[in-house]
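Hi,

Here is the structure I promised to send over. Have a look at it first, and then read on for what turned up.

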Amino acid sequence: MSFLSDVDEQIDHKAIFPDLDVPYLTTTFACMFHRLLGPCNGLIVLTDSEFIVLFNPTTRNYRLLEPNNYICPFGFYQDNSGVGFGFDWIVNNYKVISVSEIIGDPPFYDFHFRKWKVDVYDLITDSWRDLDNINQQMPKMHWYACSEVFYKGAIHWIASDDAIFVVLCFDVCSEIFRSILMPDCCDYFDGKCYGLVLLNESLTLVCYPDPGNDPEPGKESTYVWLMKEYGINKTWVKKYSIRAHPIESPLVIWRDHVLFLQSQCGVLISGDLHSEEVKEYNYLQGFPRSLRIAIYKESLTPIPKRSELGNQHQMYNKEDITL
């Protein structure tokens, strides 16, 4: 992890902290599935296929969360579909949500049978529990680099149902799922990928060329759709378009006009949505498809334990970037 700060709305390449080896997340297997979730009250969650770490980038304190010890029945395996992190303001509790599909191996496999499993980690009890009231069919979730965002008390994921792309939402307080339709022009066969970010405090969709199916990388534009009225799909508006280098995925929008992306060779790049200027940050690069970014405000929010959940949170206004 690298920690950078903005200076006069420019990224200062001098780190505000020394780089940090991410605790517990040592595996490089399938690093495209690694997640950096949040921030939420100044806290972020780091996760790979095995471990989940709650982390405060300001204080650099962290806590390894309890593992989910669910064991699949004989003849079945668990396919992890999505993970999210949010705050339940009603009970003052942080939650991690894991969504997975239970699939049978031959001869137990049934193409028409899909059993979804939703597990919730409560920080207040330091334990996992199964939401056993999930009996509806869930849309298929997609593991894009920025396919999860916590907004208006709900976790949002990119998903598809019968070749129709939707935004799948999970209300952290009520623990109920719902869906929001994407713009009418978005469909399963348009050769595009999608990401979710926030722009001007609104839910925003980034539509970009599929890096695995782009005959002329860098030629097609990336489009930014903003939802003017939350939850009403008819209010999607195509706000910006930008043509950047061949990109792997968008990552986040900073200062409401700078779209950060990762290139197909693993370099961090940015595109100014107003001027369409594209910049490369060659000093920030890594294994292709592994780059993640979270923009956070410095906070002294403690890594909460059962006795600390009622503490007041101190917030500061300085805006920093974690990569």
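Which residue forms a salt bridge with Asp-122? In this predicted model, the partner is Arg-129, and the closest N and O atoms of the two are 2.5 Å apart. Asp-122 is buried, since its relative accessible area is 7% and the cut-off for buried is under 20%. Arg-129 comes out at 30%, which makes this residue partly exposed.

That pair doesn't stand alone. Asp-122 and Arg-129 belong to a network of salt bridges that also takes in Asp-88, Lys-95 and Glu-175. Across the whole structure, the search turned up nine salt bridges.

One is between Lys-117 and Asp-119, whose side chains meet with an N to O distance of 3.0 Å. Both of those residues are buried.

The other is between Lys-192 and Glu-220, with 2.6 Å from N to O. This one ties together distant parts of the chain, as the two residues are 28 apart. Lys-192 sits in strand E16 (residues 192-199), while Glu-220 is in the loop between strand E17 (202-209) and strand E18 (222-227).

Now for the strands. Is strand E14 (residues 164-171) largely enclosed or largely open? Six of its eight residues are buried, so the rest of the structure largely encloses E14.

With strand E13 (residues 154-161), E14 pairs in the antiparallel sense over eight bridges, and Ile-155 stands opposite Phe-170 of E14. The two strands make a hairpin with two residues between them, and Asp-162 in that turn has a positive phi of about 55 degrees.

With strand E15 (residues 177-181), E14 is again antiparallel, this time joined by five bridges. Here Leu-168 has Ser-179 in E15 as its bridge partner. This hairpin has five residues between the strands, and Glu-175 takes a positive phi near 60 degrees.

If you'd like a place to start, colour Asp-122 and Arg-129, then go on to E14 with E13 and E15.

Cheers

Definitions and conventions:
Residues numbered from 1 in each chain as written. Predicted model: local features only at pLDDT ≥ 70, side-chain atom pairs only at ≥ 80, totals over all residues. Heavy atoms only, no water. Salt bridge = Lys/Arg side-chain N within 4 Å of Asp/Glu carboxyl O. Buried < 20%, exposed > 50% of the residue type's maximum accessible area, 1.4 Å probe, protein only. Helix = DSSP H or I, 4+ residues; strand = E, 2+ residues; numbered from the N terminus. Pairing = 2+ DSSP bridges.
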